[in-house]
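This report concerns a predicted model. Please look at the sequence and the structure below before reading on.

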Protein chains: 2
Amino acid sequence: MEPKKTYKTFRYLTGVAWKSGRRAVVSSDGRPDIEVSSPPEFKGDAGFWTPEDMFVASVDLCTLMTFLAFAQRKELDFASYESTAEGVLEFVEGKYRFTEIILRPHLVLKSESDTERARQILDDAHKGCLVSNSITAAVKMLPEIRIAAPAA
Amino acid sequence: MEPKKTYKTFRYLTGVAWKSGRRAVVSSDGRPDIEVSSPPEFKGDAGFWTPEDMFVASVDLCTLMTFLAFAQRKELDFASYESTAEGVLEFVEGKYRFTEIILRPHLVLKSESDTERARQILDDAHKGCLVSNSITAAVKMLPEIRIAAPAA
């Protein structure tokens, strides 16, 4: 008989506190506070992180962290990983919700021979990201893979 | 005939960049960068915001911002609003996902006569939050309403 793998349950705790107008502070034990606002289109002040940004960023970040875990496990060596995310907020069936999040990871490899393997790991990270698995928005990934220029 | 209300589509753009190990930076145009990591239980470093924290915080924050909008519209006067959120990450049907997010808003009112109205506005904010409307986790709200002590 195979040993049965057990999976733990994890809990994440955060706090928010209203400041004034549409401004607030978000906190989590041991982390630096982040000043936030509603976005300007919802009467907030520009230049602050918003709930909408944090939601969209959490999807891109979780995909990155999942990629890092899988790349380590598969011993994929890479030079850099940067990504942008675009969240689309639409009014559907009587309410606003995020309908789509488009991720555009730019991965730079050290060796061209890793390209297909890297593409597979990106795809696995896309499917395995636990934040993406917790949302209703369709998460689309449009990866770009390049090879680092050899050192001069 | 009633005039047809039109609803705009909004787009939110964020960026991430890998630094080293399980560390990265998250950015959004005009906002301060935030240093992030995987949580320690997933091989990251303690003391940094994580994708999990940002996801959970975005739900609590969005609920707060929705409350602020509704309270302004209904001319509800209040002294303070603080809240904590707890996100439960579980392994379900072959993958990890957030199954529940519990919000515990503590609202302090200036007048006891506003209690029922405030409870309704909290409930409306809970149902109207656009991030909650975009996730599969069950969002539960356990509000506490108090009345500010009169000035001495």
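**The contact between chains A and B**

In this predicted model, chain A gives 64 residues to the contact and chain B gives 64 residues. On the side of chain A that touches chain B, at least two residues come from each of strand S1 (10-20), strand S2 (23-27), strand S3 (34-37), helix H1 (51-73), strand S4 (78-92) and strand S5 (95-109). H1(A) supplies the largest share of this side, 15 residues. By residue class, the side of chain A that touches chain B holds 37 nonpolar, 15 polar and 12 charged residues.

Strands of the two chains also pair with each other. S4(A) and strand S1 of chain B, residues 10-20, run antiparallel and are joined by eight bridges. Within this part of the model, Gly87(A) has Tyr12(B) of S1(B) as its bridge partner.

**The packed helices**

H1(A) packs against helix H1 of chain B, residues 51-73, at an angle of about 165°, and the axes are 8 Å apart. An angle over 145 degrees counts as roughly antiparallel, and H1(A) and H1(B) are therefore roughly antiparallel to each other. Their crossing is left-handed.

From H1(A), the contact is made by Pro51(A), Met54(A), Phe55(A), Ala57(A), Ser58(A), Leu61(A), Cys62(A) and Met65(A). From H1(B), the residues are Pro51(B), Met54(B), Phe55(B), Ala57(B), Ser58(B), Leu61(B), Cys62(B) and Met65(B). The residues of this helix contact divide into 14 nonpolar, two polar and no charged.

**Ser58(B)**

Ser58(B) lies in helix H1 of chain B. Is Ser58(B) buried or exposed? A residue counts as buried if 20 or more other C-beta atoms lie within 10 Å of its own. Ser58(B) has 31 other C-beta atoms within 10 Å, and is therefore buried. When neighbours within four places in sequence are left aside, the contacts of Ser58(B) are Pro51(A), Met54(A), Phe55(A), Ser58(A) and Val131(B). Asp45(B) is 13 residues from Ser58(B) in sequence, and the two are 21 Å apart in space, C-alpha to C-alpha.

**Strand pairings within each chain**

| Strands | Direction | Bridges |
|---|---|---|
| S4(A) and S5(A) | antiparallel | 14 bridges |
| S5(A) and S6(A) | parallel | four bridges |
| S4(B) and S5(B) | antiparallel | 14 bridges |
| S5(B) and S6(B) | parallel | four bridges |

In chain A, Tyr81(A) stands opposite Leu107(A) in S5(A). S4(A) and S5(A) form a hairpin with two residues between them, and Glu93(A) in the turn has a positive phi of about 50°. On strand S6 of chain A, residues 138-141, Lys140(A) is the bridge partner of Ile102(A).

In chain B, Phe91(B) stands opposite Tyr96(B) in S5(B). A hairpin is formed by S4(B) and S5(B), again with two residues between the strands, and its turn includes Glu93(B), whose phi is positive at about 50°. On strand S6 of chain B, residues 138-141, Lys140(B) is the bridge partner of Ile102(B).

Key. Residues are numbered from 1 along each chain as its sequence is written. Chains are lettered from A and ligands numbered from 1 in the order in which they are written. This is a predicted model: local features need pLDDT of at least 70, side-chain atom pairs count only at pLDDT 80 or more; totals for chains, interfaces and linings use all residues. Two residues are in contact if their C-beta atoms, placed from the backbone, lie within 7 Å. Ala, Val, Leu, Ile, Met, Phe, Trp, Tyr, Cys and Pro count as nonpolar, Asp, Glu, Lys and Arg as charged, and the others, Gly among them, as polar. Two strands pair if DSSP finds at least two bridges between them. Axes are lines fitted to C-alpha atoms, for helices over the stretch in contact, and angles run from 0 to 180 degrees between N-to-C directions. Angles under 35 degrees count as roughly parallel, over 145 as roughly antiparallel, 65 to 115 as roughly perpendicular and the rest as oblique. A crossing is left-handed if the near helix is turned anticlockwise from the far one by less than a right angle, and right-handed if clockwise. A residue is buried if 20 or more other C-beta atoms lie within 10 Å of its own, exposed if 12 or fewer, and partly exposed in between; C-beta atoms are placed from the backbone.
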